[in-house]
Amino acid sequence: MSAIMEVKKLSKKFGEREVLKDISFEVEKGKVICLIGASGSGKSTLLRCLNLLEKPTTGEIYYKNQNILENQMNIFQYRSKVGMVFQQFNLFKNLNVLENCVVGQTNVMKISKKEAENKALHFLQEVGMEPFIHARPAQLSGGQMQRVAIARALSMEPDLLLFDEPTSALDPQTVGEVLRVMKQLADSGLTMIVVTHEMQFAQEVSDHIIFMDQGVIEEEGTPDQIFNHPKNERTKEFLHRILASPF
């Protein structure tokens with residue numbers, strides 16, 4: 001398998017506070033990586049570094065063998081191929097559902113509006129939101145807005161999609177609909193990095209799990225290794241707290 005992304009010795013400081021320390025891992029094409037850990041462990045900051053919403057203090061991030069931290073990187077082109085789905089949806093409130101999924105394609109990919117609309121309609125249909133193409137975000141539920149946000153990211157035809165706790169702002173009734181869409185994407189072979197507190201999703205859908213604690217990778221492995229045979233004491237404590245497991 002070829003690595004689509006490689007992270008080497010990444011660190012991030014906010015002032016004197018080091019929130020990421022010596023982070024290294026690879027992302028293979030077609031794989032799903034779930035980042036788990038307590039709030040404040042650095043998971044979301046790591047994702048924001050991978051999308052260049054935050055600039056790492058030290059380290060390297062290679063996307064298709066190119067260091068994205070070098071100055072010649074076109075950040076907009078990069079973000080179109082390494083997309084991100086946020087906790088709070090980040091939809092344009094003044095645009096309807098279809099327009100939200102078209103604007104990035106026409107502005108960044110420079111394709112025609114008609115082609116962009118056709119592509120957007122395809123992905124809105126994939127996530128079950130085609131009937132709502134004329135609705136504004138304020139007319140949608142949280143789960144519907146998140147599915148539109150996913151369709152918008154997919155419309156850019158990314159190589160890798162980053163999910164930052166995509167269900168954390170949703171009520172319990174709508175969490176399932178978003179997780180179902182994400183599972184379908186995983187089954188289709190989309191490469192994904194998911195920050196999540198949904199342990200069942202992580203266990204069932206991910207190929208590789210990274211457990212983070214206090215800004216470092218404490219343990220990583222397959223879902224079976226992490227959930228059924230954790231080696232690190234901090235991993236065991238976290239799982240016991242989350243799952244009431246017998247470790």
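Predicted model: local features only at pLDDT ≥ 70, side-chain atom pairs only at ≥ 80, totals over all residues.
Residues are numbered from 1 along each chain as its sequence is written, and side-chain values use heavy atoms, with hydrogens and water left out.

Back to the pair. Helix α3 covers residues 97-109 and helix α5 residues 142-155; they pack at about 25 degrees with axes 9 Å apart. Axes are lines fitted to C-alpha atoms, for helices over the stretch in contact, and angles run from 0 to 180 degrees between N-to-C directions. Helices (H or I, at least four residues) and strands (E, at least two) are DSSP runs, numbered from the N terminus. On the α3 side the contact (heavy atoms within 4.5 Å) uses V97, N100, C101, Q105 and M109, and on the α5 side V148, A151, R152 and S155.

What does α5 do with α4? The axes of α4 (residues 113-126) and α5 come within 9 Å and cross at roughly 135 degrees. That makes α4 oblique to α5. K119, A120, F123 and L124 of α4 meet V148, A151, L154 and S155 of α5.

Next, the sheet. It is open, has 6 strands in the order β6-β7-β8-β3-β9-β10, and its pairing is mixed; two strands pair if DSSP finds at least two bridges between them. At the edges are β6 (82-85) and β10 (216-221), each pairing on one side only. From one strand to the next the twist averages 20 degrees. Strands β7 (residues 160-164) and β8 (residues 191-195) run parallel and are joined by 5 bridges. Helix α6 (residues 172-187) lies across β3 (32-36), β7 and β8, at about 145 degrees to β8. Helix α9 (residues 233-243) also packs on the sheet, touching β3, β9 (208-213) and β10, and its direction makes about 95 degrees with that of β9.

Last, the rings. How many aromatic pairs does a search of the whole structure find? The count is 2, where rings of Phe, Tyr and Trp (its six-membered ring) pair if their centres lie within 6.5 Å; planes under 30 degrees apart count as stacked, over 60 as edge-to-face and the rest as tilted. For Y63 and Y78 the ring centres are 5.5 Å apart and the planes are at 75 degrees, so the pair is edge-to-face.

Technical notes:
Parallel < 35°, antiparallel > 145°, perpendicular 65-115°, else oblique.
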